[in-house]
Amino acid sequence: MLLAPAVLLVVLGVTPAPPRFDDQGRALGAPLSERTASYVLEARLDPAARRLEGRALLTWTNRSEVPQRVLWFHAYWNAFRDAKSTFAREQAWGGTPRESVAGFREADRGWTELTSARLADGTELLSTLRWEHPDDANADDRTVFTLTLPTAVAPHGTLTLELRWEARVPRLASRSGVFRGFYFLGQWFPKIGVLEVPPQRGVRSPTWNCHQAHASTEYYADFGNYDVTLTLPRSMTVGATGVRTGRTENADGTVSHRFHQDDVIDFAWTAWDGFLEVQRRFRAAGLPEVQLVALVPRSDRASAEQLLDATAVMLEYGGRHWFPYPYPQVTVVAPPVGAGASAGGMEYPTLFTGDVRAHPLEPRDMVLWDVAMHEAGHFWWQGMVASNEFEEAWLDEGIDTWGSGRAAESARLRWNLANLAPVGLRAALGPFFHSEISEEDARMLVRSTRFQTPVALPGWQFPDAASTGRSTYGRAVASLGTLEQVLGEERFARLVRTYAERFAFRHPGTDDFLAVTAEVGGAGARSLAERLFRGTAGIDDAVRSIHCGQESGEGLDGPWRCDVDVERRGDLPLPCPVAIRFDDGTELTEQVPAEGVTWQRFTYRRAGAAGRVREARVHPGGPVPLDADPVNDARSREATPGPVAMVAGWFLHAAQLVASAVGALL
Amino acid sequence: MKVRPSAPAVGTALARAVTQGFGEWQAVSFLLALNLTVGLLAVAPAIPQLTRELGHAPLAEGKPLLSAPVALAVLAAMRDGARTSVLAPLLLLGLLQLFLAGGIARRAWLGDRFSAAEFLGASGRLFARNLRLACWSGIGLLGVGLVAVGSTTLLQRLGHPPLFTLEGWVNGNLFSPWSLLQIALLALCFAAWRLALESARVLLWRDDLRTTRLAAWRGVRAALRAPLAVAAFALLIGVALLGVFLLARLRASLPEGTVRWAVLAFLVGQGTLWVRYAFQVAGAVFAAEQLRQP
């Protein structure tokens, strides 16, 4: 019987790759990761009281050559404890793309409190707990703590620690909490920090990397195995990282759900009595099969189908361009309408949250697809190629946005802002918003010849949330595109694939990306990448003017002089070819030096009016993706009144319509 | 005692209002010229920088506004100082439109042969009073706003995403019963407010009222006593919106990127505004027709 589906797949020409995990989430063969921090977690949720009680059995390995006596932990939910946490202060000061906790009443707040920390021999460590503030001097912040052991963990030794904690679930605000009975629980258990060991991410000695919860950063954790048992009311449907391995009905009306997954960096879960579960099998030749599960509000089955379609496209794209997705399951969670801004669009191992629309556009709703593809792309970029989201968010957000953007291009997805309108208005508004802006360009509408900060910067060190977003998403994508243009598509694809394969299930940093860039593209490519990601330079290469005239009055057939002025704003050291086209149809290509020139004039003296320069264009092969203003790459001698008339006409039309709307109130 | 207008009477008034509104091309021209002037004043400051940016730009030729090179060039022009002017033109719009209100009320009531001198004379004579009346009518507009906020809050509490929120915009349905109910409620409130204002303006002219508060109150009474007329006025607004929308959509559907297409788009745009202002005059005529009812 079991052979029948396999035979059918072979007949259909779909030959899947062998699985890397069994259907219980356990690795087949050698472990994929070092499994530095593994957890057995048990948690009981009491929705009536919004309380969570948990027990964690942590097995941690000291990867370093130095004995470790002090262990660092995250207690993320204390970010929601009060208005004094670093998270709350940063939200109040720098803004947030998600719901702010500034408006939280006392009843909305959440916290986590360690009640016990015992070694295997029964030694209680709670008295050694100390709140730490590695990123700022905020003594009121309680999102990072240390425990001090009576005896250090020896180099490469292993420690088992039992942690018990109690928590109050906050109102859903920033990826965790409850909204009208919908629970989404991320960063919900005391999670050990990452002990970085040389040469990992450039550290010179073993160093704990354990940052406070910030308003505009995400997370960083070691790989391990997770075996989790969640006990909650029978009415609730549960989804979580990994695969379900058991379900036990309890006498008190609760159900214990057990999940397991090897080789992941985190565990998140959701529970709600309003979920509809939709399942499907992902099959593609040469890639492992994956069970796709969507949990969506009951009335939104149409969204579920599209979320799974988008996930499948991303699994296939990532599997073919980077490396195959190895886990046996993907769980897609769509929060109910109203919770999307706080919980939607977030990535976790084998699980992500997308959006839901009451009336999605068929067959592809860009709102659903865009978020789903981006979050599914995160399975690689940070989920498996586990960079530090606190310190180098561009390595996951930037590369993922670039990659999922390419996948969207390959699926020919296009934005039309009218699709954001309610049903009944979309078709009517369509012509007003028909856009030819690609996904990649749409993310990079704010460009500059000189940026305020580098791309590679710890998240909390950007001036504000908007700046963090612009730098780590759009600007990183344009920078990657610029590097791709210099290296060529094939070499750049090799670069990304090499980086992905080499650092899968490890913790790469910007230096590692640069090293692979040097290996694939040479020292020049590395130098450029260094400027792109660690510098602040932008670029705007432009043909500023074309001036033609006769130096002596010998009539139209006499000698003509044409000056073409090229200006280079910004100081990215990129080659700058210039194509010159003359009225007689002849063309030639000049070169502006990559560095040290901000302005250059090319002068031509030719006989006859037909020898005048008609048009000049820098980067004739296509604009540099990071270019602040690609339209000034080319300039014609003759005026082009069409675009001016068109833009001015639109401005005038909009102004007139606004004036008439205001006039309706007078 | 006033008699409530019957449905046929309201229908006749509506037809007469539309006919006269579109026939008053001189008054409509004044309104359109005012709108165009305001539009030009708003856009003019941006033109030199746009010309510098796009005046010799072959890469922008034939491209629509929402294409990457053009959109980026416009952003670059704005970064380099291209700014539209907003507040001053809107202030001018407010003053001049209130100035013309007196002339339009006169046309609505008399409907005789058009004379620019008499039109502007009536406008000037009633300008100060129309300014004061606008302040009184602002109270009514505030009421309409409160209905909008209140109904939105109520729908939210009931768990039906209202159209006037981001959530409702993305997830709502224009044709759901709740959306239609809210739109109908707001349309009727707005129509009642606007009909009251138009009636008050006509009363200012007809009765040469000096006390604008009195005119405003009489306008409100005239509107509230004739619910059928309010419904008809809402229909008039709906038809006007539909006309404007269809023409604006036609304009948006035109090809872009050349001067010829831009000129055609400009003309269609003016046609759109023409329709909108013809309906505005029609609204004043309709209010006058209601005041003529015994």
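Tutor: A cavity here is a set of grid points where a 1.4 Å probe fits but cannot get out. In this predicted model, six cavities of 30 Å³ or more are present.

The largest cavity holds about 120 Å³ of space. Its lining is made up of 15 residues, and those nearest the centre are A:Tyr76, A:Phe80, A:Phe87, A:Ala213 and A:Tyr219. By class, the lining of the largest cavity has seven nonpolar residues, six polar ones and two charged ones.

The second largest cavity has a volume of about 90 Å³. It is lined by 13 residues, with A:Tyr219, A:Ile265, A:Asp266, A:Gln382 and A:Glu389 closest to its centre. Strand E21 of chain A, residues 346–348, gives the most to the lining of the second largest cavity, with three residues. One joins A:Pro198 and A:Pro199, with omega at about 5 degrees. A:Pro199 is in the loop between strand E11 (194–196) and strand E12 (207–209) of chain A. Another cis peptide bond joins A:Glu362 and A:Pro363, where omega is about -5 degrees. The loop that holds A:Pro363 runs between strand E22 (351–353) and helix H5 (366–377) of chain A.

Positive phi values come next. A:Gln187 is not a glycine, yet its phi is positive, near 50 degrees. It sits in the loop between strand E9 (182–185) and strand E10 (191–192) of chain A. The cut-off for a buried residue is under 20% relative accessible area, and A:Gln187 is buried because its value is 4%. A:His619, also a residue other than glycine, has a positive phi of about 50 degrees. Its place is the loop between strand E28 (613–618) and strand E29 (634–636) of chain A. With a relative accessibility of 7%, A:His619 is buried.

Helix H10 of chain A covers residues 489–503. Its 15 residues, at 1.5 Å a residue, should span 21 Å, and this agrees with the 21 Å between its end C-alpha atoms. Buried in H10(A) are A:Phe492, A:Leu495, A:Val496, A:Thr498, A:Tyr499, A:Ala500 and A:Phe503. An α-helix has 3.6 residues a turn, so residues three or four places apart point the same way. The cover over the buried residues of H10(A) includes helix H6 (394–410), helix H9 (465–487) and helix H11 (510–521) of chain A. After H10(A) comes A:Phe505, with a positive phi near 60 degrees.

Finally, the contact between the chains: 66 residues of chain A touch 75 residues of chain B, counted by contact. About 6,100 Å² is buried between chain A and chain B, and carbon and sulfur atoms give 68% of that area. On the chain A side, A:Val631, A:Gln656 and A:Leu666 lose the most area to chain B, together 12% of what that side buries.

Technical notes
Residues are numbered from 1 along each chain as its sequence is written. Chains are lettered from A and ligands numbered from 1 in the order in which they are written. This is a predicted model: local features need pLDDT of at least 70, side-chain atom pairs count only at pLDDT 80 or more; totals for chains, interfaces and linings use all residues. Side-chain values use heavy atoms; hydrogens and water are left out. On a 1 Å grid over the protein atoms alone, a cavity is a set of points where a 1.4 Å probe fits but cannot get out, and a pocket is an open set with protein on both sides within 12 Å along at least five of seven lines; lining residues have an atom within 4 Å of a point. Grid points are joined across faces, edges and corners, and a volume is the space filled by probe spheres set on the points. Ala, Val, Leu, Ile, Met, Phe, Trp, Tyr, Cys and Pro count as nonpolar, Asp, Glu, Lys and Arg as charged, and the others, Gly among them, as polar. Helices (H or I, at least four residues) and strands (E, at least two) are DSSP runs, numbered from the N terminus. The expected span of a helix is 1.5 Å times one less than its number of residues. Buried means under 20% relative accessible area, exposed over 50%, partly exposed in between (1.4 Å probe, protein chains only). Contact means heavy atoms within 4.5 Å. Buried area is the accessible area (1.4 Å probe) that two parts lose on being put together, summed over both.
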